[in-house]
Amino acid sequence: MLFKRINRLLPSLALPRHPALTRRDMASGDPETTRLDFLVIGGGSGGLAGARRASELGASAAVIESHRLGGTCVNVGCVPKKVMWNAAVHAEYLHDHSDYGFEVGSVRFSWEALKAKRDAYISHLNRIYRNNLDKAKVQNIQGHARFTNDPEPTVEVDGRKYTAPHILIATGGQPTVLSDADIPGGNLGITSDGFFELETLPKRTVIVGAGYIAVEMAGILSTLGSKTSMIIRQSGVLRNFDSFISTNCTKELQNSGVDLWKNSQVKSVRKTEKGLEVTVVTKDPEKKNDEEKTSTIQEVDCLLWAIGRQPNTSGLNVAAVGLEMDERGHIVVDEFQNTSRPGIYAVGDVCGKALLTPVAIAAGRKLAHRLFEGKKDSKLDYSSIPTVVFSHPPIGTVGLTEEEAISSRGKENVKVYKTSFTPMYHAITSRKSQCIMKLVCEGKEEKVVGLHMQGLGCDEMLQGFAVAIKMGATKADFDKTVAIHPTSSEEFVTMR
C-alpha cells in the first residue's frame with residue numbers, strides 16, 4: 001500500500017525544467033565542468049535572443065557576459081544614440097517654432113540633465129534584460145570566457161568550466177582604437193564608446209571618419225551646439241551607400257554647419273593648454289602629384305575617431321578550438337552560422353556581416369530553431385536588409401544600390417526612378433531641407449530591388465516599403481497603390 005501511495009504522488013513532484021544547469025559533467029572525468037544544452041558567449045542582442053529562444057524550446061541555456069547585458073546596442077550604440085538624436089531633433093524644431101507662430105523665449109540646453117536621464121534609462125534596460133533571462137530560466141554567468149584545450153569544446157570563466165554540444169559565439173565588436181604608434185597623439189582621442197561618457201557638451205569637436213557612426217555623431221554634436229569638423233579621406237561620406245544618398249548626405253552636413261575637410265587625414269595630435277591641436281594633411285584630387293597642404297585645427301575639446309569597428313575575440317582563445325578567421329579577425333561562418341568547428345556557431349558583429357542589431361537577433365533565433373526544434377533549413381536571409389542612418393535628416397535604404405544593380409544585372413536591365421522635393425513641413429519654415437527618393441528596378445517586370453531615401457520621416461517610413469520589397473514588389477505594384485496625401489511617402493507610388 002505504501003509503495004502504491006508513493007507511486008501515485010510521484011507524477012506531481014515536478015522536476016526542475018532545466019536540470020542540466022546544475023549537472024556536472026561526469027562523463028568527461030572532470031566533476032567541475034558544468035554541462036548545458038546551449039552555451040552562449042556574449043550577452044548582447046544576438047546572444048540573448050538565441051539563448052532565450054533556445055530555452056523556450058526546452059534547452060538548458062546559459063549566457064556568459066563580462067560587462068552589462070544588452071551589448072553595444074543597449075549600452076553604447078543604437079539606444080543611447082537614438083536618445084541623443086531625439087534631443088538633436090528637438091533642437092532643430094526650436095528653429096522652426098516662430099515660423100509656426102510660437103513665440104519662444106531663450107531656451108537653455110542641459111547636456112548634464114539629458115545624460116542623467118539617458119543613463120538611467122539604459123540602467124533600466126539592463127535590469128529588464130536580466131529579468132528576462134531569469135523569466136526564461138537562462139543562467140547568467142558573469143565573467144570573461146576563454147576556450148580551454150580540452151578535447152571537447154569547453155570554456156572557462158573565473159576558474160569554472162562549462163561545456164555544451166552547441167556553443168554560440170556572439171561577442172560583437174568594438175570601435176577601432178588608434179594608438180600613438182598609428183598616429184602621434186592618437187590616444188588623445190575617444191571613440192563612439194567614449195562619446196557616451198562625455199560629461200559636458202564639447203565646444204569644439206573634430207570627428208574622423210565618413211561612415212554612418214561619424215555622420216550620426218557629427219549631426220548630434222553640431223545640432224546641439226558644438227562647433228564640429230569632419231575629417232574624411234575622400235570627397236563624400238557614406239561611400240558604401242547609393243551615390244544619390246552619399247552626395248545628398250554630404251551636402252546636408254555642410255548645409256547644417258558641419259565643417260567638412262575633404263580628401264584629408266589626421267597627421268598628428270598634441271595637447272596644449274587650450275585643448276587639442278589636430279594637424280591635418282589635405283590632398284588636391286585635381287593635382288596628380290603628391291603635393292599636400294598641412295593645416296591645424298586649434299582648441300579642440302573632443303577628438304572622436306569613427307574609423308571602423310573590429311570583432312571582439314581578444315582573450316577568447318579561439319585558436320584552442322581551431323576556428324577559421326578572416327584577415328580582419330572576424331569568425332568565418334556559413335549560411336547557417338556554422339563555424340569551421342562542428343558544434344560551435346557565431347552570429348552578429350563578430351562575423352563581420354551586416355552589423356545591425358536586428359540581424360544578430362534574427363540570426364540567433366533562427367539558429368535556436370534549427371538546433372532545438374529540428375528546423376534543419378532555419379537560417380537568416382541576408383538579402384534586402386533595411387537600414388536607417390540617424391543623420392539630419394534621416395536616411396532609409398534597403399536592397400541594392402544603383403551601382404550594385406548595374407554591376408550584377410547589367411546597365412541595360414536596370415531602370416531607376418528618382419525625385420527630390422521640399423517636404424510640406426518645410427514649406428513655411430526658413431530652415432530648409434530636401435527629401436530625396438530613388439527606386440532601383442530590374443528586368444522587364446521592373447522588380448524593385450533597391451529603395452533609397454533621405455528626408456524628414458524617412459526613418460519611420462522605410463519598414464513598410466522593406467516588407468514590399470522582400471515580397472518581390474514591382475514598380476507596377478507601387479503604381480497600383482493609392483497615395484496617402486499629403487505625405488512624403490506618397491512620392492514612392494507616384495514616380496514616373
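**Briefing: cysteines and helix packing**

Cys 249 is buried, with a relative accessible area of 2%. The model is a predicted one, and the structure holds 0 disulfides.

**Cysteines**
- The closest cysteine sulfur to that of Cys 249 belongs to Cys 458 and lies 12 Å away, which is too far for a bond.
- Cys 73 also counts as buried, because its relative accessibility is 11% and the limit for a buried residue is under 20%.

**Helices H4 and H5**
- The axes of helix H4 (residues 78-94) and helix H5 (residues 111-135) come within 10 Å, crossing at roughly 150°.
- This crossing of H4 and H5 is right-handed.
- On the H4 side, the contact is made by Val 79, Pro 80, Val 83, Met 84 and Ala 87; on the H5 side, by Trp 111, Leu 114, Arg 118, Tyr 121, Ile 122 and Leu 125.
- By class, the residues of this contact comprise 10 nonpolar, no polar and 1 charged.

**Helix H9**
- Helix H9 (residues 357-372) has 16 residues, which should span 22 Å at 1.5 Å a residue; the end C-alpha atoms are 23 Å apart, in agreement.
- Buried residues of H9 include Thr 357, Val 359, Ala 360, Ala 363, Gly 364 and Leu 367, and also the run Ala 368, His 369, Arg 370, Leu 371 and Phe 372.
- Among the elements covering the buried residues of H9 are helix H2 (45-56), helix H3 (71-76) and H4, together with strands E2 (38-41), E8 (166-169) and E18 (344-346).
- Gly 374, which follows H9, has a positive phi near 75°.

Conventions
Residues are numbered from 1 along each chain as its sequence is written. This is a predicted model: local features need pLDDT of at least 70, side-chain atom pairs count only at pLDDT 80 or more; totals for chains, interfaces and linings use all residues. Side-chain values use heavy atoms; hydrogens and water are left out. Axes are lines fitted to C-alpha atoms, for helices over the stretch in contact, and angles run from 0 to 180 degrees between N-to-C directions. Helices (H or I, at least four residues) and strands (E, at least two) are DSSP runs, numbered from the N terminus. A crossing is left-handed if the near helix is turned anticlockwise from the far one by less than a right angle, and right-handed if clockwise. Contact means heavy atoms within 4.5 Å. Ala, Val, Leu, Ile, Met, Phe, Trp, Tyr, Cys and Pro count as nonpolar, Asp, Glu, Lys and Arg as charged, and the others, Gly among them, as polar. The expected span of a helix is 1.5 Å times one less than its number of residues. Buried means under 20% relative accessible area, exposed over 50%, partly exposed in between (1.4 Å probe, protein chains only). A disulfide is a pair of cysteine sulfur atoms within 2.5 Å.
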